[in-house]
Amino acid sequence: MASRSGVPRTTFDNVDELEKIKDNAPNLRLLLRIFADDDTALVSLGNKFGAPLDTTKALLLKAKDLGLVVDGVSFHVDTGSGASNADTFVTAVQNAKHVFQQGKQLGFDMHVLDVGGGFQDSNFEPMALSLQRAIEKEFPPSTQVMAEPGRYYARSFYTAACKVVARRKQIGQDKLSQSDMLYLNDGIYGCFMNAVAENEIYRPILFKQETTSSTEREAGEHRYSVWGPTCDGLDCIAKEATMGCEVKVGDWVKFENMGGKSAIHFRINVT
């Protein structure tokens, strides 16, 4: 389907993928995705994708035997998932250079380096700087460098609006120490999965009040824990959130900066 739609290139990291490409889209140009992982990341992609370095030569040989064209290397250090070690980029680039050399020895015109994505505004500058320096050191200027900064661009694009479908006010002896509870019409099994996956801290903002309620709304700050609509006790969006006034059933709250991996994805050529 991708090939028929005009997509020119794809990645691979195992023999089965190569054989599938040979059978279905032998004209696709390929990038060998290598293992690159930051053990500080809250979500690891390296344990699911990426060829270890001791397999790359065999994979390139297999591609050559099948008559497929390998243009270069890709990797993905998931900095958007809480990674903080910029040196991981340096290692990934050095490993990519090693695979470029292997490919060129086998006759491939290795000229494309895809550095992946996951960037976001909280860590873009230090990660990008380390990446830039590593590429300039290890690769010639003629190398076509691509990046996939989908989250970096998409994060601020999206605001989620949720309705308060239920509320629980604390009335027991611990009512002064425990927050009241709000239940929304979306939760961690929808737009808020990063509350669990990446320890994302969500801050609800009241923006539309229910106007049909006959009871008076209390002014002043109110503390709430915020929950999704399921019966699952893990379905907690925010353990504590401070609102500027009392929140009632039927009110609407919004969450800013909700764009991410599932929202939109960009690939750009940075050369």
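## Helices H3 and H4

Let's start with a pair of helices: the axes of H3 and helix H4 (residues 124–138) come within 9 Å and cross at roughly 25°. Axes here are lines fitted to C-alpha atoms, for helices over the stretch in contact, and angles run from 0 to 180 degrees between N-to-C directions. That makes H3 roughly parallel to H4, a label used for angles under 35 degrees. This is a predicted model, in which local features need pLDDT of at least 70 and side-chain atom pairs count only at pLDDT 80 or more, while totals for chains, interfaces and linings use all residues. Residues are numbered from 1 along each chain as its sequence is written, and side-chain values use heavy atoms, leaving out hydrogens and water.

Which residues of H3 and H4 meet? From H3 come Phe-89, Val-90, Val-93, Gln-94 and Lys-97, and from H4 come Met-127, Ser-130, Leu-131, Ala-134, Ile-135 and Glu-138. Contact means heavy atoms within 4.5 Å. By class, this contact has seven nonpolar, two polar and two charged residues.

## Helices H2 and H3

H3 (residues 87–105) also packs with helix H2 (residues 53–65), at an angle of about 25° and with the axes 10 Å apart. That makes H2 roughly parallel to H3. On the H2 side, the contact is made by Leu-53, Thr-56, Lys-57 and Leu-60, and on the H3 side by Asn-95, His-98, Val-99, Gln-102 and Gly-103. These residues divide into three nonpolar, five polar and one charged.

## A look at Gln-102

Let's pick one residue from that contact. Is Gln-102 buried or exposed? Gln-102, which lies in helix H3, is buried, with a relative accessible area of 12%. Buried means under 20% relative accessible area, exposed over 50%, and partly exposed in between (1.4 Å probe, protein chains only). Leaving aside residues up to four places away in sequence, Gln-102 touches Thr-56, Lys-57 and Leu-60.

## The whole chain

The protein chain has six helices and twelve strands, where helices (H or I, at least four residues) and strands (E, at least two) are DSSP runs, numbered from the N terminus. Of its 271 residues, 44% count as buried. Among contacts between residues at least 6 apart in sequence, 73% join residues at least 24 apart.

## How confident is the model?

The mean pLDDT of the protein chain is 86; pLDDT is the predictor's confidence in each residue, from 0 to 100. A value of 70 or more is reached by 87% of the residues. Over residues 261–271, pLDDT stays under 50. Where pLDDT is low, the predicted coordinates should not be read in detail.

Terms used
Angles under 35 degrees count as roughly parallel, over 145 as roughly antiparallel, 65 to 115 as roughly perpendicular and the rest as oblique. Ala, Val, Leu, Ile, Met, Phe, Trp, Tyr, Cys and Pro count as nonpolar, Asp, Glu, Lys and Arg as charged, and the others, Gly among them, as polar.
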